[in-house]
Amino acid sequence: MAQDSKHNHESRAQGLKPCAPVSDLRRLNYFFGQMLGVDDFRSEQNYFREKHKLHNRCLHGYGTVCGLLVMPELPEKPCTSKQDDERARLEEKIAQSKKELQDNPDWPQEKKESTKADIEEMCRAIDCLPKPCLLPPIRPQVLVECGIALDCVGNEIIVRHTETLDLWERLSREERERLANEPHDVYVSVCFCEKPVSPVRPVQEASCEPNSGCVYGKLQDSYRFRVSLTRPERDRRCEPCCSGCEECCLLLARIGSVRATGDIENAQIDNNVRRRVGLYESTRIEGINWTHGATYEIEEVDDLLGGKFSGHEHDGGLVLQTSHGVNMHTLRRGVVDVWVIRGGRGSHAEIYNLDTKIIPMQPDAEGYVRRFRVRSLSDEKLDNGDRVIITVRGAFILDRCCQPLDGVNVGGFVPTLPDEQFRRFHKQMPPPVCDRDPYGPPRSGFGLPSGSNFESWFFVYRRDEGRQDMHSHYDKFGMPKGE
């Protein structure tokens with residue numbers, strides 16, 4: 001028994017992650033007659049710095065606090081001179097004269113000769129103008145706005161003003177060669193660093209150190225940006241306090257299909273890859289295959305639900321995509337409900353539950369999935385004016401760290417999945433009333449593993465009866481009509 005216990009203890013110890021480095025927290029004990037040196041003052045600083053970093057890491061976590069949005073740099077306007085304007089005017093006039101000669105073959109010979117002489121004179125004038133300067137190639141550049149972040153060690157990163165980053169200039173030589181051959185995704189990160197400032201001349205040198213003409217009197221908390229073609233590994237720790245982190249730099253944005261030359265467009269920049277400040281990066285719903293609050297024809301709903309006789313029993317169903325993998329074994333019966341509220345012209349009181357089946361999509365080797373679909377098993381036909389309500393109980397869907405799904409559908413902003421097969425289910429709806437998340441497309445939740453429920457709905461109508469009989473006091477977007 002003792003040997004088995006020892007073996008189990010050693011097995012668990014081998015699977016443990018290394019502890020986060022925490023220095024011995026020692027502070028000075030002042031007394032009269034005490035001799036203090038450089039090391040004493042440094043240790044006094046380190047005591048409070050390490051305590052503060054420990055507080056940040058264990059109570060606040062790490063990530064972006066505010067700002068640090070990555071945006072495209074506005075393209076520079078070409079600088080032109082009077083000679084450039086004159087060259088353009090002459091070239092335009094030459095092209096116009098040549099066209100007139102070509103379009104009028106029956107001109108008198110004298111007029112033809114005069115026009116040709118004018119063209120030759122303008123060509124000589126162009127040759128006498130200074131040659132235009134060759135502009136350097138336009139390198140891809142982005143802007144990083146001011147903001148604050150905490151890295152995984154607990155350091156505070158403060159960017160006080162907008163920075164311009166030349167992506168090409170910050171890549172390594174090998175990565176430049178790769179980018180010159182073909183477009184690549186580029187990843188922009190920010191890292192904490194210390195910068196020596198305030199150079200001074202020491203009054204007295206240390207006896208055991210070589211003489212120095214100048215030393216830096218202060219260390220300034222600063223930062224640097226890192227640009228790479230390699231995506232940083234996602235932090236898979238379940239908590240950042242006791243275990244050490246492998247990547248101290250914070251990923252800010254992914255810039256897609258960057259070329260060696262040319263401007264960056266706004267559509268290429270994805271700020272949604274960053275981590276928001278917190279102890280844990282919660283799992284959220286980032287896409288669905290229907291439009292929340294929209295109205296669908298009955299035939300469309302049959303295809304969307306994938307019920308019997310729809311022709312989509314094998315690939316149909318309501319699809320939900322999560323930001324990180326969830327345990328497929330927690331997608332049990334009862335976790336997702338699809339309810340129908342009877343509409344039409346009669347009583348609206350009847351509510352019934354559609355019999356459904358949850359199908360995990362493409363699980364990995366450990367049994368985690370990022371997509372699952374909910375397919376209807378019912379042969380029930382929906383009627384004009386019905387309302388379909390989808391409820392996902394996030395408290396029972398767990399991710400790799402056994403944290404629940406942060407599922408609340410704030411404002412109904414969870415977007416429709418961009419897959420080609422789901423485009424027929426996308427409906428045009430009014431834009432969101434507020435800019436909830438500046439870092440990318442909205443997702444469910446508040447960024448905390450709160451285990452909140454996801455709720456959404458859509459309406460059903462029959463084409464021959466029309467939308468107007470459903471709810472005459474609402475428009476097609478579900479907005480109240482005026483009196």
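**Exercise A**

Classify Arg 226 as buried, partly exposed or exposed, then state which side chain meets that of Arg 226 in a salt bridge.

Solution. The structure is a predicted model, in which local features need pLDDT of at least 70 and side-chain atom pairs count only at pLDDT 80 or more, whereas totals for chains, interfaces and linings use all residues. Residues are numbered from 1 along each chain as its sequence is written, and side-chain values use heavy atoms, with hydrogens and water left out.

Step 1. Arg 226 has a relative accessible area of 27% and is therefore partly exposed. The classes are: buried, under 20% relative accessible area; exposed, over 50%; partly exposed, in between (1.4 Å probe, protein chains only).

Step 2. The partner is Glu 247, with 3.2 Å from N to O. A salt bridge requires a side-chain nitrogen of Lys or Arg within 4 Å of a carboxyl oxygen of Asp or Glu.

Step 3. Arg 226 sits in strand S8 (215-228) and Glu 247 in the loop between S8 and S9, so the pair ties together parts that are 21 residues apart in sequence. Helices (H or I, at least four residues) and strands (E, at least two) are DSSP runs numbered from the N terminus.

Step 4. Glu 247 is also partly exposed, because its relative accessibility is 30%.

Which residue forms a salt bridge with Asp 383, and where in the chain do the two residues lie?

Solution. Step 1. The residue is Arg 462, whose closest approach to Asp 383 is 3.6 Å between N and O atoms.

Step 1. Asp 383 is in the loop between S17 and S18, while Arg 462 belongs to the segment after S19; the pair links distant parts of the chain, 79 residues apart.

Step 2. Both residues are partly exposed: Asp 383 has a relative accessible area of 34%, and Arg 462 one of 30%.

Step 3. For context, the whole structure has 21 salt bridges. Among the others is Arg 342 with Glu 350, at 3.8 Å between the closest N and O atoms. Asp 185, Arg 254 and Asp 270 are linked in a network of such bridges.

**Exercise C**

Determine which strands pair with S18, and in which sense.

Solution. Step 1. S14 (residues 336-341) pairs with S18 in the antiparallel sense over 6 bridges. Two strands pair if DSSP finds at least two bridges between them. Val 388 of S18 is the bridge partner of Val 340.

Step 1. S19 (residues 454-461) and S18 are also antiparallel, again over 6 bridges. Here Phe 459 in S19 is the bridge partner of Arg 387.

Step 2. S18 itself (residues 387-392) is mostly covered, with 5 of its 6 residues buried.

**Exercise D**

Compare the span of helix H2 with its expected value, and say which strands its buried residues pack against.

Solution. Step 1. H2 covers residues 38-60, a run of 23 residues. The expected span is 1.5 Å times one less than the number of residues, and the 32 Å from first to last C-alpha is close to the expected 33 Å.

Step 1. The buried residues are Glu 44, Tyr 47, Glu 50, Lys 53, Asn 56, Arg 57 and Cys 58. They pack against S4 (147-150) and S5 (156-159).

Step 2. Just after H2, Gly 61 takes a positive phi of about 80 degrees.

**Exercise E**

Two residues other than glycine, Leu 68 and Gln 362, have a positive phi; is each buried or exposed?

Solution. Step 1. Most residues other than glycine have a negative phi. Phi is near 60 degrees at Leu 68 and near 55 degrees at Gln 362.

Step 1. Leu 68 lies in the loop between S1 and S2 (70-72) and counts as buried because its relative accessibility is 0%.

Step 2. Gln 362 lies in the loop between S16 (356-361) and S17 (368-376) and counts as exposed because its relative accessibility is 78%.

Describe the surroundings of Ile 255.

Solution. Step 1. Ile 255 is in strand S9 (residues 250-258) and is buried, with a relative accessible area of 0%.

Step 1. Beyond neighbours within four places in sequence, the contacts of Ile 255 include Val 142, Leu 167, His 184, Val 188 and Ile 264. Contact means heavy atoms within 4.5 Å.

Step 2. Ile 269 is another contact of Ile 255; the two are 14 residues apart in sequence and 4.5 Å apart in space, C-alpha to C-alpha.
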